[in-house]
Amino acid sequence: MAEESPPAPGTRPGKGEPTGQDTRPGRVTPPGRVVEAVRAYRLIAAMWVRSTMAYRASFAMTTFGNFAATFFDFVAIMLMFSRVDALGGYTLPEVAFLYGLSAVPFGVADLAIGSMERLGRRVRDGTLDTLLVRPAPVLAQVAADRFALRRLGRVTQGTLVLGWSLTRVDIDWTAARLLLMPVMLLSGCAIFCAVFVAGAAFQFVAHDASEVQNSFTYGGTTLLQYPPTVFAKELVRGVTFVLPLAFVNWLPASYVLGRPYPLDVPEWAAFASPLVAAGCCALAGLAWRAGLRSYRSTGS
Amino acid sequence: MGAGRLYTAVAAGGFRRYATYRAATAAGVFTNTVFGLIFVYTYRALWDERPHLGGYDQAQVVTYVWLAQALLSTLAIGGGGVEEELMERIRTGDVVIDLYRPADLQLWWLAADLGRAFFQLVARGLFPFLFGALCFPVYLPADAGTWVAFLGAVLLAMLVGFGIRYLVALTAFWLLDGMGVAQMAWLLGYFCSGMLLPLNVFPGALGEVVRALPWSSLLQAPADVLLGRGEPLRTYLFQATWAVVLLGAGRLVQSAATRRVVVQGG
């Protein structure tokens, strides 16, 4: 990584403003902060892309590996269907539909801010302090830290499966169902982003326990790949009402497929994903603030 | 005699080292349990549709799921073994210090990995398995002999698992950044060991092939012994053959690799 440049040129402390803007309320207006965060994110992500390209063979292999990781997941599902015609009453194209609608939003969230799962490591070894003194939003810096373009592999695989399922699955397309597709993908992505942020916030408290997060991120996307009818009612209830992952695809996709949802929920619930996503993001934001405030450096 | 003591100490060190991170272990147990739950429900749906698929009944396949979760980190099938550290040492050049030591490189890392594996078996293996056994109707053999035979198969699985991962780690001597190869190996291991689907459910020729590959020694072999579906001695023979082949290949590659090492002064 010979060409590793400082993350955000001209934003080092000591150049005009000695402290981060967080300590000076009112200096930067909220929209300005968002623009600034996006700019910082872009610069850091671009730097990591450049440094990744120093090892091209490894990049090619890890991208393919990322693609293959989820590809094998789907191969396992296809092997199951080589022995049966339906799983929980769902056919292979229908399961592929659910699979794509789980893998694509998760893949995009993972690509964008998946590196946040490494926050615990930074808390443990004290390198988070470096991010705190830089005059750029900490969330943007942590989200872009070690930005990994190889994660496009997962998105690509999910998109292919979703595309294939759309050619096979029998859907009675109406305006509402058509509209629900992009809404579902965007809301799902936001919900998974909220899970990543909340998981990172948790790591301020328990830095060694970063693996818990995998249960909800990787575990979540795996769960949603299978029909809700397969699982016990209590589990479905938990995923619908407590940790609302069901709004990523189960509820809206059940509506699109015209299948009954195993729980007794009103029909408008299928359209509630954006609201749920907004709620999740707000809660995750609060958790992040609380986590960051409680942060105490290792002090060395 | 001295050498035996040395490697025992290294293994004990590996065990203690992983035992230090209690929160991480608890987090791992939690994650294994969540994944176990997901797999249990999907497999039960599959076996509802096709009872006795692959020769398993419902209770046996539930045991299989929890066994898979118990052995996942023990055998480092999806990563997390010593190979990551070894690759990093090769990349940074620290491996030179390992080569200076009056100990064999392969045996040193094998001992460290066995220590790690025993800790993971006890800590991360036992709890999800107990959870599964308490919450679901599972098949458990009644006689102690089967359990002993099962532990023997797990021990051989540890050797085979290390054999594969050591070869993977040595590629770093040529590639420097071996993470790409490591990731591919983990994925292949995940799929071919039967972590996603028991290997005896794989159809046709694909099934024949994956059951003959070394990865089937990792999860499918101990599972067959525990579920009373495999002749222990034949299973042992299969595992031992792969262990010898892989560890032998590891030695050959090691001697080729260490001749390549150039220490950069600094």
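Select Ala201(A) and the residues around it. Beyond its neighbours within four places in sequence, Ala201(A) is in contact with Ala287(A), Trp288(A), Ala290(A) and Gly291(A); two residues are in contact if their C-beta atoms, placed from the backbone, lie within 7 Å. This is a predicted model, in which local features need pLDDT of at least 70 and side-chain atom pairs count only at pLDDT 80 or more, while totals for chains, interfaces and linings use all residues. Residues are numbered from 1 along each chain as its sequence is written, and chains are lettered from A and ligands numbered from 1 in the order in which they are written.

Stay on Ala201(A). Is it buried or exposed? Ala201(A) is buried, because 23 other C-beta atoms lie within 10 Å. A residue counts as buried with 20 or more such atoms within 10 Å of its own C-beta, as exposed with 12 or fewer, and as partly exposed in between.

Now select residues 175-205 of chain A. This is helix H8, where Ala201(A) is found; helices (H or I, at least four residues) are DSSP runs, numbered from the N terminus. Val197(A) touches Met116(A), Ala284(A) and Trp288(A), not counting residues up to four places away in sequence.

Val197(A) and Ile191(A) have the most contacts inside the largest nonpolar core, which has 173 residues. H8(A) gives the largest share of this core, 16 residues. Such a core is a set of buried Ala, Val, Leu, Ile, Met, Phe, Trp, Tyr and Cys residues joined through C-beta atoms within 7 Å.

Next, show chain B against chain A. The contact takes 34 residues from chain B and 35 residues from chain A. On the chain B side, helix H2 (22-49) and helix H9 (179-192) each supply at least two residues, and H2(B) gives the largest share, 16 residues.

Then select residues 146-175 of chain B. UniProt, in an unreviewed entry, lists this stretch as a "transmembrane region"; its annotations may be inferred rather than shown by experiment, and positions are given in the numbering used here, with feature names shortened. The stretch is 97% helix and 0% strand, with end C-alpha atoms 44 Å apart.

Last, colour chain A by pLDDT, the predictor's confidence in each residue, from 0 to 100. The mean for chain A is 87, and 90% of its residues reach 70 or more. Over residues 1-26 of chain A the pLDDT is below 50, and this stretch has 28 contacts in the model beyond near neighbours in sequence.
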